[in-house]
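Open the model in a viewer and keep a selection panel at hand.

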Amino acid sequence: MQIVINALVLGSVYVLISIGLTLIYGILRILHIAHAGIYTLGAFLGLTFYALTGNFWLALILSMVLTGIAGVGVYSYIYRRVLSKERIVPLVISIGLFIAMQDLYRLIWGAYKKPFALDLGINDIKGKGFVITQHQILILSLTGISLILLYLLMNKTKLGKAMKACADDLVMAGALGINVERVVSFAFFLGSALAALAGVLIGVYENNVYPTMGDEVSYKAFVVIVLGGFGSLSGAVVAGFILSFAETLLVAWKGFLLPRDAIAFLVMILVLMFKPEGLFRRAST
Amino acid sequence: MTLDYLYTLITFSNIFIILSLSLNVLIGYAGQVSLGHAAFFGIGAYTSAVLAVKFGLGYGTTLLLSVLIGGFFGFLLGLPSLRVRHDFLVLATIGLNFVVVALFKYIDFFGGPYGIIGLPAAKFFGKELGTGGYALYTAFWVVIVILLMIYIEKIYLRYGFEAIRENEDAAESIGVSVPLFKIYAFTISGALAGLAGNLWAYQMGMVFPDDFSFPVSITILTMVVLGGVGTISGPILGAVLLTFLPELLRFIQDYRLLLYGIIIVIVMMYQPSGLLGRQGILRKAFKR
């Protein structure tokens, strides 16, 4: 039971990060490695605003909005200008950006781990043989709310439909009168804001925030979007949880040879080879 | 800066020239973007280290086997590329890099996280070379590799590579064997990376798993792309530039990585084909 809860919490964070990557890959076909830098930015902004205001919820919202704006900035000042170039160009730019971001955070906030101590004043839920800590409750409920809102956004609003249309065929969507610029910018905003949420939540959960916290996560998120079938949101959600459960269970099962990171990548290579469209292929592509 | 230090830098720069030229065979000639090149580099280095330290083999043998085993793994790991393309290949090679490093780290035979230490210095006719001599020796291999590249550009292999780079389906339809040329590219690339691994292992006298981790792959890719994909001079320039740049930027120590990242972004935005690429500013400057 405890393992299930831990896996759910881990999966929630994977999902929140992967949504941005999936949206962006789905529309622009860019492997947005710097997304992990955006995630770290979210964590640091959340920590800073929390220290300044003392109000966690205010800090969280400020961090999400500002990080979202930063994401839009990355799109409109950098990616937008190189979209017509060979695919390798945005990839390398994204890598350079990630390196620069991490170093920038180190210069601003220092290289060491900073604690993110937060007491919400909720009691831990204790059951038979398991505990759900207040931070786990926070993560699970916020992820749940975000996913429901995301579902409503994608399926019930014009903007969501426009985003889907752009993911299907960007040029065609533009030809049909959808304001592509605005839709793509919004996808970056949304994805980056969710990454910020994930960053803040992980910061609270692990009780530290540091410049290179994005390293592991950035590659993990790619595993998730591969498993989920590139560009499929629901696929990414399911894949995030599959990955977290697989990792948690295999690590709990002592005596497994490889570390958890290698498991994720081994699975990814196998999926790419034998089921390159991912486990949950989007119907329309 | 002492002379020895300069020699060491030159050796590093030579090793990275070989690495970036070998990656260029994949990316520039055959159009297969790999972000796991450090894995082959590591396989070459570990081959040499294991053979020299655990089996006491001499330099000539380890060199030969590093190249062969590097090439063999290039061949083996090139097989997935027959199934996966484009971004999928990028991700698969990233995964490959992580898995290889994890294997080095978690299998005791490879020394675990502490790596393998105590490689003897490379001996030629019973004599050690010293740092200056070793730099010269690596330069010798750079020349050999450059000659090999010029040769590849001259023979029919090049046309096969170009065909699969430009359009795999079209190449297949006019009778170019796409799998064959992909495997060629991966094998050549792996063998040369194995050579670089051997040179690295004997330069350092030890190997660690983290010397071959994902960031190293990124560095090699950046060298190729920054200099100019698909050219010979481009990857060389990229390797020399990125080896010496951090040293030249030493006076701004604290901002080094930040600047490094920003330079990559700016060059890619305004020189997307690389500094010495087909439309690069340096290429145009030399032409005039």
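A residue is called buried if 20 or more other C-beta atoms lie within 10 Å of its own, exposed if 12 or fewer, and partly exposed in between, with C-beta atoms placed from the backbone. Helices (H or I, at least four residues) and strands (E, at least two) are DSSP runs, numbered from the N terminus. Residues are numbered from 1 along each chain as its sequence is written, and chains are lettered from A and ligands numbered from 1 in the order in which they are written. This is a predicted model: local features need pLDDT of at least 70, side-chain atom pairs count only at pLDDT 80 or more, and totals for chains, interfaces and linings use all residues.

**Stop 1: a helix of chain A**

Select residues 35-53 of chain A, which form helix α2. Of the 19 residues in α2(A), 15 are buried, so the helix is mostly covered. The expected span of a helix is 1.5 Å times one less than its number of residues. For α2(A) that should come to 27 Å, and its end C-alpha atoms are 27 Å apart, which agrees.

**Stop 2: A:Leu194**

Next, select A:Leu194 in helix α8 (residues 180-206) of chain A. Is A:Leu194 buried or exposed? A:Leu194 counts as buried because it has 28 C-beta neighbours inside 10 Å. Two residues are in contact if their C-beta atoms, placed from the backbone, lie within 7 Å. Leaving aside residues up to four places away in sequence, A:Leu194 touches A:Leu16, A:Ile19, A:Gly20 and A:Ser146.

**Stop 3: chain A as a whole**

Color chain A by secondary structure to see 11 helices and two strands. Along the sequence they follow the pattern α-α-α-α-β-β-α-α-α-α-α-α-α. Of the 285 residues of chain A, 48% count as buried. Among its contacts between residues at least 6 apart in sequence, 76% join residues at least 24 apart. The C-alpha atoms of chain A fill a box of roughly 55 × 45 × 35 Å along the principal axes.

**Stop 4: the side facing chain B**

Show both chains. Here 34 residues of chain A are in contact with 31 residues of chain B. On the chain A side, α3 (56-82), α4 (88-109), α9 (214-227) and α11 (260-274) each supply at least two residues. Which helix gives the largest share of that side? It is α4(A), with 13 residues. The residues on this side of chain A divide into 28 nonpolar, one polar and five charged; Ala, Val, Leu, Ile, Met, Phe, Trp, Tyr, Cys and Pro count as nonpolar, Asp, Glu, Lys and Arg as charged, and the others, Gly among them, as polar.

**Stop 5: chain B**

Chain B has 12 helices and four strands, and buried residues make up 53% of its 288 residues. Select helix α4 (residues 86-106) of chain B, which reaches 31 Å from its first C-alpha to its last, close to the 30 Å expected. Because 17 of the 21 residues of α4(B) are buried, this helix is largely enclosed by the rest of the structure.

The mean for chain B is 82, and 97% of its residues reach 70 or more. Confidence in chain B is lowest in helix α12 (residues 281-287), at a mean of 69, and highest in helix α1 (residues 3-29), at 89.

Conventions. pLDDT is the predictor's confidence in each residue, from 0 to 100.
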